[in-house]
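Please find below some numbered notes for your reading of this model.

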Amino acid sequence: MTVEDTTIGRRRASAAPPPGIVAVDPPVAPGMTTLAIIGAGAGLGAAVARRFGAEGFSVGLISRNQSRVDALADTLAKDGVSARGFAADVRDPASIASALEQVTETLGPIEVLQYSPLPQKDFMRPVLETTPADMVGPVEFSIYGPIAAVHQVLPGMRFLGENTGTILFVNGGSAVKPGRAVTGTSIAFAGQAAYAQLLHEELKPEGIHVSQLIIGGAISADDPRKSPEALADHLWVLHTGRDRFRLQVSED
């Protein structure tokens with residue numbers, strides 16, 4: 001027996017799930033699949049949820065504030081998007097793993113993971129004012145967090161079958177062009193970019209795609225290149241195209 005994946009025209013064989021992947025009650029409808037957004041908010045997160053939701057995805061919204069993601073899920077429901085909110089602290093690997101497990105138990109195995117939390121302002125200190133203690137938060141946020149998330153979702157992606165799973169990283173421009181005034185994010189984003197590149201190379205033979213979207217400058221609804229909707233379209237193309245690691249949207 002097979003389940004048709006209507007999002008990008010693949011078929012995958014039904015099988016018993018691996019340990020940690022549980023059956024959903026009620027079961028996910030044929031063709032339905034799950035996107036988990038770590039760092040979901042009313043801007044980019046909501047736009048991505050709508051873009052993928054329009055293609056039949058259920059969406060797990062993950063953020064620190066449960067009431068905010070619950071409210072966002074209610075708003076998305078009015079647009080016809082099936083979404084649920086889950087609370088997690090991205091600086092706590094156990095918290096991320098627990099939230100992603102809840103997404104799987106509630107909505108089904110995660111086909112697409114997006115890691116895009118907004119960094120804290122105190123991560124962005126000038127280089128000569130940055131101490132070892134100042135780097136703890138950025139490293140927990142941008143390196144430990146995504147590593148915990150990837151380890152949690154990989155078994156489910158492998159269960160779904162070849163050429164199915166996608167891991168999307170979203171970073172600011174300092175990931176590729178460090179800035180002396182934003183030392184924490186420059187160093188930590190660069191580490192996350194290296195991790196993403198390594199994942200891309202390691203998982204490609206398994207058919208699990210890893211991509212990174214670099215956004216130079218601020219996301220703006222008034223900028224047709226960097227509006228939440230335009231960036232959501234880019235992330236959809238990275239998922240479905242599966243032919244490039246990095247896409248950069250510059251400030252210019």
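1. Thr240 counts as partly exposed, because its relative accessibility is 26% (buried means under 20% relative accessible area, exposed over 50%, and partly exposed in between, with a 1.4 Å probe and protein chains only). Thr240 lies in helix α6, and although Thr240 and His209 are 31 residues apart in sequence, their C-alpha atoms are 9.5 Å apart in space.

2. Please keep in mind that this is a predicted model, in which local features need pLDDT of at least 70 and side-chain atom pairs count only at pLDDT 80 or more, while totals for chains, interfaces and linings use all residues. Residues are numbered from 1 along each chain as its sequence is written, and side-chain values use heavy atoms, with hydrogens and water left out.

3. Ser211, placed in strand β8, counts as buried because its relative accessibility is 0%. The side chains of Ser211 and His209 are joined by a polar contact of 2.7 Å (a pair of N or O atoms within 3.5 Å; within protein, one must be able to donate a hydrogen and the other to accept it, and residues adjacent in sequence count only if both atoms are side-chain atoms). Beyond its neighbours within four places in sequence, Ser211 is in contact (heavy atoms within 4.5 Å) with Ile167, Leu168, Phe169, Leu238, Arg244 and Phe245.

4. Strand β8 (residues 209-215) pairs with strand β7 (residues 166-172) in the parallel sense over seven bridges, and Gln212 in β8 is the bridge partner of Phe169. Here two strands pair if DSSP finds at least two bridges between them, and helices (H or I, at least four residues) and strands (E, at least two) are DSSP runs, numbered from the N terminus.

5. The open sheet is formed by seven strands in the order β5-β4-β3-β6-β7-β8-β9, with parallel pairing. Because β5 (83-87) and β9 (246-249) stand at the edges with a single partner strand each, one side of each is left without a neighbour in the sheet.

6. Helix α6 (residues 228-241) lies across β4, β6, β7, β8 and β9, and runs at about 155° to β8, whereas helix α2 (residues 66-78) lies across β4 and β5, at about 175° to β5. Axes are lines fitted to C-alpha atoms, for helices over the stretch in contact, and angles run from 0 to 180 degrees between N-to-C directions.

7. Elements that each supply at least two residues to the lining of the largest pocket include α1 (44-53), α5 (183-203) and β9.
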